[in-house]
Amino acid sequence: MAKEKKVKFKESIGLDIGSHSIKMVHLKKLHQGFKLLNYEIRSTIPDGMEPVQSDLTSDRYAPVLSGMLKSMKINPKKVKHIVSSIGGDNTSIKQIKTIFLPDEELESALFFEAKKHLPIGGSEMLLDYQVINVEEKTNNMNILLASCTKDLLQEHSAILAASGLTPGIVDLESLAVANSFALNSYLEEGIYVILNMGIFKTNMVIYGPKAKFFARDVGWGGYHITKDIMKQKKMSYEEAEKFKIEHGLKEDDDKADSSSLLALDITEKTAVEMIVQEVKRSIRFYVKEAGNSDFRKLMLVGGSAKLKGLPEYIADQIKLETEVYNPFVNLEKPEKFQQKQDPQLALALGLAMRPE
Ligand SMILES: Nc1ncnc2c1ncn2[C@@H]1O[C@H](COP(=O)(O)OP(=O)(O)OP(=O)(O)O)[C@@H](O)[C@H]1O
Ligand SMILES: [Mg+2]
C-alpha cells in the first residue's frame, strides 16, 4: 500500500508467525526489485497431532524460530531490518472518514473515534493510523485506523527477543496481506478480494488502489477442513490431514468433477461452505457500504490456499475469477528456487518487501 515510499535497507527479513507454522523470507534489495536469498516454512505443531487451540501457547514459537535462523544461517544479532506481523482477535483495522483535522488534533480525535469503530476496548489499546487522502470536494479525510492490545504486541516481541532478534516494524496481518499483493502487482484500479487461509482462520481483505479498505477474520481454516474429512471418512486427524493434502476437494482424480467434501451427508455446512458464505456476506456488505462493486479477482494465499479444487469451487460460488496467488512472480531467484511458488509464503514476503 505504501508503494511510492523509498526502500532504504539492503537486506530484509519477513516473518509470519502463524498458529500452525512460522514462515520466514530473506530478501536482498536490488537496484530495482528484490532477490530471494532464502526462505523456510516450519510447523510448530507436531506432525499428525490434532491441535487444540487453547493448548497452543506462544512459548512453542521461540525454539522453532531459533532453529530456522540457524538453518538459514542468519545471525539474529546482525539482523538490521526485520518486519513481522500480528493478527487475530486482539487486533483491528478499519478505514474511516472524518472531517479535516490539523495534525495536532488528529491523534486525540482518532483515539476517540477508534473507540467507536474498533472492537478493542480500554486503556490497553495501542493505536496507529495512516491518512490515505483528503477528498477534494468535501475536504473530508480518509484514514486507516489500526489497533492492537499492548499485551499482544508484548507477547509477540517476547518471541522475537527469545530468539535473539530485536523486533523491528510490526504490521497488522490484514495490512500485510494487502501489501503482499499490492507491492508485487501493478494495479491502477478495480477491487481485489484476498483470502489468507491459515489453520484456524481465514483472513479476508478487500483491497484496491482507489477502493475502500476492508478486512475481517472468518473463523474457519485448514483445521476445520480436516475435521470435516475426519467426520465424513471416519478417519483419524492424521489420516484426514494426509487425505486433504493429497485429494483436496476432489474424491479422486478420475472422478474429477465429484467434490466429495462438499457433498457431505451431514446436516451442518462444511468449513469450505462456511468460508464461502461469509465471504459472500462481506462482499454484499462492502458493495452497500462502499458503493463500489468493481471486483476484478479473488486471490488465495496461505497454506490452505493449496487445497486442490478450491479455486474452481470458489470461482463457481462467488462468480469471480479466482486464482492461487504466486508471491514469487516478480522476484529474482537463484537457480534452486526457479520453480518455486508457494502461496503459504505470501505474507512473509509482503512483510520483507515493506518499505521502512
Ligand atoms: N497442500 C495442502 N493442501 C491443503 N491444505 C494445506 C496444504 N498444505 C498446507 N495446508 C494447510 O495449511 C494450514 C496452515 O497454513 P498457514 O501456514 O497459512 O497457517 P498459519 O499462518 O500458521 O495459521 P493462522 O493464519 O490460522 O494463524 C494447515 O491447516 C494445513 O493443513
Ligand atoms: Mg497465517
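Among contacts in the protein chain between residues at least 6 apart in sequence, what percentage join residues at least 24 apart? The figure is 66%. The model is predicted, and its protein chain holds nine helices and 13 strands.

**Overall form**
- The C-alpha trace of the protein chain spans about 65 × 50 × 40 Å along its principal axes.
- A compact globule of 356 residues would have a radius of gyration near 21 Å, and the protein chain agrees because its own value is 21 Å.
- Of the 356 residues in the protein chain, 37% are buried.

**The largest nonpolar core**
- This core has 80 residues.
- The members that touch the most other members are Val193, Ile194, Tyr207, Val301, Ala348 and Ala352.
- Residues come to this core from both domain 1 (1–90 + 149–184 + 327–356) and domain 2 (187–325), so the core lies between the two domains.
- Leaving aside residues up to four places away in sequence, Ala348 touches Gly14, Leu15, Asp16, Lys23, Met24 and Val25.

**Strands S5, S6 and S7**
- Strand S7 (residues 141–149) pairs with strand S5 (residues 91–98) in the antiparallel sense, over eight bridges.
- Within that strand S7, Asn142 is the bridge partner of Lys97.
- Strand S6 (residues 125–134) also pairs with S7 in the antiparallel sense, here over nine bridges.
- Opposite Met125 stands Thr149 in S7.
- The hairpin of S6 and S7 has six residues between the strands, and Asn139 in this hairpin takes a positive phi near 70°.
- In a regular strand, side chains alternate between the two faces of the sheet.

Methods. Residues are numbered from 1 along each chain as its sequence is written. Chains are lettered from A and ligands numbered from 1 in the order in which they are written. A nonpolar core is a set of buried Ala, Val, Leu, Ile, Met, Phe, Trp, Tyr and Cys residues joined through C-beta atoms within 7 Å. A residue is buried if 20 or more other C-beta atoms lie within 10 Å of its own, exposed if 12 or fewer, and partly exposed in between; C-beta atoms are placed from the backbone. Domain bounds come from an automatic or database domain assignment. Two residues are in contact if their C-beta atoms, placed from the backbone, lie within 7 Å. Two strands pair if DSSP finds at least two bridges between them. Helices (H or I, at least four residues) and strands (E, at least two) are DSSP runs, numbered from the N terminus. The radius of gyration is taken over C-alpha atoms; the globule rule is 2.2 Å times the number of residues to the power 0.38.
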